[in-house]
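Let's take a walk through a protein chain together. Have the picture at hand and follow along as we move from one residue to the next.

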Amino acid sequence: MLFHVRMDVHLPADLDPEMRADIVAREKAYSQELQRSGKWPHIWRIVGEYSNFSVFDVESGDELHDILSGLPLFPYMDIKVTPLAKHPSKI
Ligand SMILES: O=C(O)C[C@H]1C=CC(=O)O1
């Protein structure tokens, strides 16, 4: 199943810089592992925002929920998930 996901990151301005760097580094490693596995085939920066558009290719909504809730940045994100279906005009 394909899901389109928008993630908006809102890190507190007063977050300790070392903690911030640690969370961002762990997020990158977690994301890149999922990209290598094929479960996170697209990630695009939204120009001018600390946000991304991503596509996930997973077995179920439950699997996607587990992946998203495991993101190190999850506590600092607003996430909008849109399930995708095949378009009838797609060639
Ligand atoms: O920077 C972001 O868009 C947030 C997050 C998603 C993957 C990642 O490495 O960071």
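In which helix is Y30 found? Y30 sits in helix α1, which covers residues 17-37; helices (H or I, at least four residues) and strands (E, at least two) are DSSP runs, numbered from the N terminus. Before we go on, please note that this is a predicted model, in which local features need pLDDT of at least 70 and side-chain atom pairs count only at pLDDT 80 or more, while totals for chains, interfaces and linings use all residues. Residues are numbered from 1 along each chain as its sequence is written, and side-chain values use heavy atoms, with hydrogens and water left out.

Now for the overall plan. The chain has two helices and four strands, and from the N terminus on they follow the order β-α-β-β-α-β. Over residues 1-89, 34% of the chain is helix and 30% is strand, and the end C-alpha atoms lie 19 Å apart. UniProt lists those residues, 1-89, under "domain: Muconolactone isomerase" in an unreviewed entry; its positions are given in the numbering used here, feature names are shortened, and annotations may be inferred rather than shown by experiment. Along the principal axes, the C-alpha atoms of the chain fill a box of roughly 50 × 25 × 20 Å.

Back to Y30. With a relative accessible area of 26%, Y30 is partly exposed; buried means under 20% relative accessible area, exposed over 50%, and partly exposed in between (1.4 Å probe, protein chains only). Leaving aside neighbours within four places in sequence, Y30 is in contact (heavy atoms within 4.5 Å) with D66, I67, G70, L71 and P72.

Y30 and V5 are 25 residues apart in sequence and 16 Å apart in space, C-alpha to C-alpha. V5 lies in strand β1, residues 2-9. Is V5 buried or exposed? V5 counts as buried because its relative accessibility is 0%. Not counting residues up to four places away in sequence, V5 touches several others, including N52, F53, S54, L64 and I79.

Let's follow one of those contacts. V5 and S54 are 49 residues apart in sequence, yet their C-alpha atoms are 5.1 Å apart in space. S54 belongs to strand β3, residues 51-57, and S54 is buried because its relative accessible area is 1%. N52 has its place in strand β3 too, and N52 is also buried, with a relative accessible area of 6%.

How do these side chains meet? A polar contact is a pair of N or O atoms within 3.5 Å; within protein, one must be able to donate a hydrogen and the other to accept it, and residues adjacent in sequence count only if both atoms are side-chain atoms. The side chains of N52 and S54 make such a contact at 2.7 Å, and another, of 2.9 Å, joins the side chains of S54 and W40. Beyond neighbours within four places in sequence, S54 is in contact with residues including F3, V5, H42 and I43, while the contacts of N52 include V5, R6, I43 and W44.

Finally, step back to the whole chain. Buried residues make up 30% of its 91 residues. Among contacts with a separation of 6 or more, 68% are between residues 24 or more positions apart.
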